[in-house]
Amino acid sequence: MATEYNDNDPLRLINIQSGTEEGNWGTLTNTNMNLIGEAFGYGEKAIVDGATATINVLNGSADDARSLYLKITGSLTQACTITMGPQNESSRVMFIENGTSDGGGGPWDIIISQGSGSNVTIPNGEAKMVYMDGAGAGAAVVDAMAAIKVLSTRQPDHVYAATVTAPNASAGNVDIDWSQGNIVRITNDATATFNAPTNPADGGNYLIIVETATGAQATWNWPSTFKWRNNAEPTLTTSTGGEKDVITLIYDATDSVYLASYTLNHPA
């Protein structure tokens, strides 16, 4: 009788049938034990550049794709949807890291899929814990951490620069996405409209550091969701050489507003 594999088994272990494999049970059992051990480890899998890719766990033999923590590598020139196989009938929990390199125009996301259900997008350089529900053709991949409350107020250790769309002309825009970090640095050298930042966390603490170009200070139009202490918007510093103003924000999700305060004219 040919070797069989259970479609519901995400580890693709050898399924020894009753009355078969005489004299091979020890070898095959040891192989299965090794594969189970591999499934608790770390592995890397390279994909070829393309809009889609498939990662299959090999039947009954060593394969990095079996690892609990899988780092996906390869050079990409586009976002890639990766189907986790070989079956869409097996349920599995994994940590997946987007370790791909930028082959041009990126860096690029990877999108983890199992069937026609929901997918999970993993930005370049990040990792997510996901589960695949194994529901067959309609199988879904779900962010396993999305519903877990982390009892911590610690903010991301990430600093990134916001963008003033037209920094040397009037009517520019400042757009911030807090999912990328909780601190932004902005050089202010033009009148601008400060749009309401996106993706705030309830109780999140955010800082905006404003460095003014030398010369006359432009006026900013602040969003209505910024509720300033004492109802007083800041008059940003007129710089004579790189002084900085600091805007401090705490997000209150109950009222969908930022509690805003500021300190001005920190020396360069």
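**Before you go on**

This is a predicted model, in which local features need pLDDT of at least 70, side-chain atom pairs count only at pLDDT 80 or more, and totals for chains, interfaces and linings use all residues. Residues are numbered from 1 along each chain as its sequence is written, and side-chain values use heavy atoms, with hydrogens and water left out.

**Stop 1: the whole chain**

Show the cartoon. You will find one helix and 21 strands; these are DSSP runs numbered from the N terminus, with helices being H or I of at least four residues and strands being E of at least two. The chain has 268 residues, and 37% of them count as buried. Of the contacts between residues at least 6 apart in sequence, 60% join residues at least 24 apart, where contact means heavy atoms within 4.5 Å.

**Stop 2: Arg 66 and its partner**

The term stands for a side-chain nitrogen of Lys or Arg within 4 Å of a carboxyl oxygen of Asp or Glu. Glu 38 belongs to helix H1 (residues 25–38), while Arg 66 sits in the loop between strand E2 (52–56) and strand E3 (69–73), so the pair links distant parts of the chain, 28 residues apart.

**Stop 3: Asp 63 and Lys 45**

By this rule there are two salt bridges, and Asp 63 with Lys 45 makes one of them, at 2.7 Å, N to O. Asp 63 is in the loop between E2 and E3, and Lys 45 is in strand E1, 18 residues apart. Colour the two by accessibility: Asp 63 counts as buried at 4%, whereas Lys 45 is partly exposed at 25%.

**Stop 4: the five-stranded sheet**

Select the five strands in the order E1-E3-E6-E10-E11; they form an open sheet with mixed pairing, and two strands pair if DSSP finds at least two bridges between them. At the edges are E1 (42–46) and E11 (141–143), each pairing on one side only. Neighbouring strands are turned by 35° against each other on average, direction ignored; the axes are lines fitted to C-alpha atoms, and angles run from 0 to 180 degrees between N-to-C directions.

Now walk across:

- E1 and E3 run parallel, joined by five bridges; Lys 45 stands opposite Ile 72 in E3.
- E3 and E6 also run parallel, with four bridges, and Ile 72 stands opposite Asn 98 in E6.
- E6 (residues 92–98) and E10 (residues 127–132) are antiparallel over six bridges, with Phe 95 opposite Met 129 in E10.

**Stop 5: the four-stranded sheet**

Next, select E2, E5, E8 and E9, which form an open sheet in the order E2-E5-E8-E9 with mixed pairing. E2 and E9 (120–122) are the edge strands with a single partner each, so one side of each has no neighbour in the sheet. The twist averages 30° from one strand to the next. Finish by zooming in on E8 (residues 110–113) and E9, an antiparallel pair with three bridges, where Ile 112 has Val 120 in E9 as its bridge partner.

How values were computed:
Buried means under 20% relative accessible area, exposed over 50%, partly exposed in between (1.4 Å probe, protein chains only).
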